[in-house]
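My entries follow in the order I looked things up.

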Amino acid sequence: MKKIVFFSLPAHGHTNPTLPVVAELTKRGHQVWYFSFDEFREKIEGAGATFIGCDRFLPKFTEQELEKKVGRDFAALIEMVADTTIALEPYASEKLADIQPDCIVSDSIAAWGKLFAKKLGIPYICSTTTFAFNEYTAKSIRPGAAEIWLLLRGMRRIRKKIKQLNDHGFPVKNFIALIQNDNETDTIVYTSKEFQPMSDTFSKRYAFVGASIPEHIPQPKSEQRKRIYISLGTILNRNPAFYRNCFQAFAHEDYEVVLSAGEKTDLSLLPDIPDNFTVQQTVDQIAVLHNTDVFLTHCGMNSVSESLYFGVPMVLFPQHSEQKMIANRVAELGAGVLLKGTTPKELETAVAQILSHPSYQHQAQQLSASFQFAGGATEAARVILAICRENS
């Protein structure tokens, strides 16, 4: 029996892919402890792990603010990572001393897990829920002017936080070293090798395991009508103007439309919902995608991976530079259409383009095979256990 510790961010996109892996490990009789946040306690315990709450060590901000930090304000992200690492260290070190884990599996952005592992001499596995990121793939990220300005303006803050980490015994060379993947670290990436840009630039220590899909019951759909699924994810989804444009675009089309508006979206702002729409604050996305023809998505990595796993082509509506990189990759591989704008006419045209050109579905199905054959949670668990055995 192995003892495995997970660390992650308080974000669905970074936590959800790890949960089927935790379930697979505990099902095999191994012990798992998960340093996380109260919002995810029920899910983590449901997967069989022991939950260790970290909320009191995290700087106070909303999940919306976290998404902005991760996707747009790099200085604020580094501040969050450094402050959390320093605040959490005494508590985590005490817990890790009690557990004596065989390895630590930590999200690539939750760098405190990596820093604790290196400081305490515990084998470390990086969990990457976005594309793997190195000097080559970095060139594919095209930040906007506002993001570049925020980075330049924040360099003094970044240097201050790196110094604080060094002063606390964490030898971090620079801010890139905190989050960039490297070829010497065992790394699990939740995408397929075929979808990962420049996959040949990564070493054999990378395991591209595809999407980590939990067990699910497919949601049935009408056999006569195409299903369009619309979701802007779990964070930046309060966009009633966009949803009203969707109403106008598809109300008179012979589509079945499922719209996930987000838990914090006030549905009273969406009156006169067309008869062919089902609008809910949350849906079982995997169950819906199992029988969907087109997915209109914000291009978060989880959503795109799940869509490709089921061979569903996409209309792509990215919100920031990381999502734009993902969207560009989907478009480059012919599995989706980038929106030029969000007027009703532009939405209608993009969906019609996918439905009228079988090549999009064909390319999505080609990528689906690469995701399904990658092994998912089962392969991720195998990799973790193999690394534990190598280091025992």
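This is a predicted model: local features need pLDDT of at least 70, side-chain atom pairs count only at pLDDT 80 or more; totals for chains, interfaces and linings use all residues.

**Helix α14**

I began with burial in α14: Leu347, Ala350, Val351 and Ile354 are buried. I then looked down the axis of α14. Its buried residues fall within an arc of 90 degrees, so they line one face of the helix.

Next I checked the length of α14. At 1.5 Å a residue, its 13 residues should span 18 Å. The end C-alpha atoms of α14 are 18 Å apart, which agrees.

**Helix α15**

I ran the length check on α15, residues 358-374, as well. Its 17 residues should span 24 Å, and I get 25 Å between the end C-alpha atoms, which agrees.

Which residues of α15 are buried? I list Tyr360, Ala364, Leu367, Ser368, Ser370, Phe371 and Ala374. Down the axis of α15, the buried residues fall within an arc of 165 degrees, so they too line one face of the helix. On the other side of α15, I find Pro358, Gln366 and Phe373 exposed.

What do the buried residues of α15 pack against? I find two strands, β7 (206-208) and β13 (336-338). I also find the helices α12 (301-309), α14 (344-356) and α16 (376-390). After α15 comes Gly375, and its phi is positive, near 110 degrees.

**Strand β8**

I moved to β8, residues 226-231. This strand is mostly covered, with five of its six residues buried.

I looked up its pairing. β8 pairs with β9 (residues 255-260) in the parallel sense, over six bridges. In β9, Ser260 is the bridge partner of Ser231. β8 also runs parallel to β11 (residues 294-297), joined by four bridges. There, Val294 in β11 is the bridge partner of Ile228.

**Lys161**

Lys161 lies in helix α8, residues 155-167. Is Lys161 buried or exposed? It is buried, because its relative accessible area is 11%, under the 20% cut-off.

I looked for its surroundings. Beyond its neighbours within four places in sequence, Lys161 is in contact with Ile78, Glu79, Ala82 and Asp83. The side chains of Lys161 and Asp83 are joined by a polar contact of 2.7 Å.

**Nonpolar cores**

Last, I looked at the cores. The largest nonpolar core has 43 residues. Within it, Phe7, Leu88, Trp112, Leu165 and Leu178 touch the most other members. Elements giving two or more residues to this core are β1 (3-7), β2 (31-36), α5 (74-99), α6 (111-120), β5 (124-128), α8 and α9 (175-179). α5 gives the most, with 13 residues.

I picked out Leu88 for its contacts. Leaving aside neighbours within four places in sequence, Leu88 is in contact with Phe7, Cys54, Phe57, Trp112 and Phe116.

I also noted a second, separate core of 28 residues. Val32, Tyr190, Ile384 and Cys388 are included in it.

Methods
Residues are numbered from 1 along each chain as its sequence is written. Side-chain values use heavy atoms; hydrogens and water are left out. The expected span of a helix is 1.5 Å times one less than its number of residues. Buried means under 20% relative accessible area, exposed over 50%, partly exposed in between (1.4 Å probe, protein chains only). The arc is that of the directions from the helix axis to the C-beta atoms. Contact means heavy atoms within 4.5 Å. Two strands pair if DSSP finds at least two bridges between them. A polar contact is a pair of N or O atoms within 3.5 Å; within protein, one must be able to donate a hydrogen and the other to accept it, and residues adjacent in sequence count only if both atoms are side-chain atoms. A nonpolar core is a set of buried Ala, Val, Leu, Ile, Met, Phe, Trp, Tyr and Cys residues joined through side-chain atoms within 4.5 Å.
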